[in-house]
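Here's a quick briefing for anyone meeting this structure for the first time. Have a look at it, then read on.

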Amino acid sequence: MKRVYAKEEVCIGCRLCEVYCRTEHSKSKNIIKAHKKEFPRPMARVLVEELRPVSFALQCRHCDEPACVEACITGALTKDESGRVVHDEAKCVGCWTCVLVCPHGAPQRDLERRKIAKCDLCPDRETPACVEMCPNEALVYEER
Amino acid sequence: MSYVIIGNSVAAVGAIEAIRKVDKEIRITVISDEPYSVYSRPLISEYLAGQVKEDMMGYRDPSFYEKNGVTAMLGKRVTAIDPAKKSVKLDNGEEIAYAKLLIATGGTPFVPPMKGLELGRVMTFIKMDDAKHIEEMLPELKHVVVIGAGLIGLKAAESLHHRGVKVTVVELANRVMAAVLDTDAGAIVQGALEKAGVNIITEDTVEEILGDNMGLVNGVKLKSGEALDCDAVIVAIGVIPNAGFAKESGVEVNRGIIVDDHMRTNLPDIYAAGDVTEGPDYLNGGKRVMPIWPNAYIQGKIAGFNMAGVDREFEGGLAVNSIELFGVPVVTAGLSNTESDDLEVLSSVEGDTYRKIVLRGSMVVGAVMVGNIDRAGLITGLIRDRIDVSNMRDRLLANDFGYIDFPVELRKERLGVS
């Protein structure tokens, strides 16, 4: 399956991936409204790690046998037929078991909604927003 | 030809999903003494707290059985296995033949002998019906005594507290969650419970449950001599493998059903998975009972693959616990509270935030985080993959520990970055 991969050599740590991820996962899908008018504020499902001079973006790896799916106590996390690890927010109770077992530290706690937030590979788009909007092409969406 | 699974919780689901990855045809029959389609047992505390309704308790969609070609025989109890005839016997006399059998009957509450157990409103708290039973009597509950400050006892206490019931937890050890937390972490969690108004009594235990002339609980007498008035008692000391009928049928049982690294029991074509087992332990070798949800799924999955003819080895159970009590998140992994000469402990306490890493040589073998648990899985991954952390030791206690702290080659390998 296609996944998002980071090229840390060209990432400049601008965090626009986080900005566009929040926007894509907002109600309005408008960059200003998403950041200034929506409460609770949408969470970015991509995380930039940075220790100058190195930086890179990290999101759910959509593992072949995901530890999070196996550990999820409610069944909110599943792996769908396309291979995506999908999160059903309605079923999530914020038990944080996935936070504890994901070896990549990918699921983020959304403390306002008391649920986790994770990458869904932007189901409404051909290419995930983080990849498309990265100004330095430091993210690629491809099959490896 | 049919695969028969006794039990209908997470280990059964793990097995069904694995079997169906490799075999779409074989008949699968699930037998459970509970009348419900598969639900999330850990959610009974959220149900009792009034935060999750019954229709949201499903661990899989109601269509799960049909989609996976599973015949679910619910509300039926297996009373015996006949390994020679390869069949199981139900409480209604019916016999079901199996080609391969999976025992996934889970655990049952451990209730030590004490006076007054026969009284009305002495309860346990592990199943849907337990939660419903307690919910029904909520209007009559003013004060409940919970025996045991483990995960189940504390979640029960929190749920009742949310419903306006006064709760006292009585614990034999000198702190809460003593099985997985050390004194520092235990003190933070206990502080959060007490601040919320839950009464905690440690280093004491209930000696006798007292009743009124109607046969209902009206108090407890503690070992220390103290007496408490209460309307109900929840016994939450622990769970033990539900393996009695299996043992009588010739399956080897120590504390739990003994399984090998393929989830096989001592009898041909009989497998076991989940809380009922005593299986391989990842960190210390040997076998142990590890009644933990994720472990049950993984054991079920391994059993399912092997039943279906795909050779898959179980790496061993790794204890992971995540619990949040009154807004304080607590996670533990591996040897979180083991004292031994070969273990080295790194820890830091800052107010109500606690972080502890346990090392054995150059590998992480245990962790505890309280308060800030973000990205805890990175540490669990280090444990699970036996990664040499010599190069990142100094960063393990940092709350912002990340892949950035990994040696570059290892990071690229783990992220699949070329």
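Let's start with Cys130(A): beyond its neighbours within four places in sequence, Cys130(A) is in contact with Val4(A), Cys17(A), Tyr20(A), Cys21(A), Val46(A), Ala57(A) and Leu139(A). Two residues are in contact if their C-beta atoms, placed from the backbone, lie within 7 Å. Keep in mind that this is a predicted model, where local features need pLDDT of at least 70, side-chain atom pairs count only at pLDDT 80 or more, and totals for chains, interfaces and linings use all residues. Residues are numbered from 1 along each chain as its sequence is written, while chains are lettered from A and ligands numbered from 1 in the order in which they are written.

**The core**

- Cys130(A) is among the residues with the most contacts inside the largest nonpolar core, along with Ala15(B), Leu102(B), Ala104(B), Val233(B) and Ile234(B).
- That core has 169 residues; a nonpolar core is a set of buried Ala, Val, Leu, Ile, Met, Phe, Trp, Tyr and Cys residues joined through C-beta atoms within 7 Å.
- A residue is buried if 20 or more other C-beta atoms lie within 10 Å of its own, exposed if 12 or fewer, and partly exposed in between, with C-beta atoms placed from the backbone.

**Chain A as a whole**

- Chain A has 5 helices and 8 strands, where helices (H or I, at least four residues) and strands (E, at least two) are DSSP runs, numbered from the N terminus.
- Along the sequence they come as β-α-α-β-β-α-β-β-α-β-β-α-β.
- The radius of gyration of chain A is 15 Å, close to the 15 Å that the globule rule gives for 144 residues, so chain A is as compact as a globular protein of that length. This radius is taken over C-alpha atoms, and the rule is 2.2 Å times the number of residues to the power 0.38.
- Buried residues account for 49% of the 144 residues in chain A.
- In helix α1 (residues 16-24) of chain A, the buried residues include Cys17(A), Tyr20(A) and Cys21(A), and their cover includes α2 (31-36), β2 (47-51), β3 (54-58), α5 (129-133) and β8 (139-143) of chain A.

**Domains**

- Chain A is split into domain 1 (1-59 + 123-144) and domain 2 (64-118), with bounds from an automatic or database domain assignment.
- The C-alpha centres of these two domains of chain A lie 19 Å apart, and 7 residues of domain 1 are in contact with 10 residues of domain 2.
- For chain B, the assignment gives domain 1 (2-107 + 239-307), domain 2 (122-235) and domain 3 (327-415).

**A sheet in chain B**

- An open sheet of 5 strands runs in the order β22-β23-β26-β25-β24 (chain B), with antiparallel pairing; two strands pair if DSSP finds at least two bridges between them.
- Its edge strands, each pairing on one side only, are β22 (320-325) and β24 (344-350) of chain B.
- Strands β23 (residues 328-334) and β26 (residues 363-370) of chain B pair over 5 bridges, and Thr332(B) stands opposite Val368(B) in β26(B).

**Where the chains meet**

- How many residues of chain A are in contact with chain B? The count is 27 residues of chain A, touching 35 residues of chain B.
- On the chain A side, β1 (2-6), β2, β3, α3 (67-71) and α4 (97-101) give two or more residues.
- α4(A) gives the most to that side, with 4 residues.
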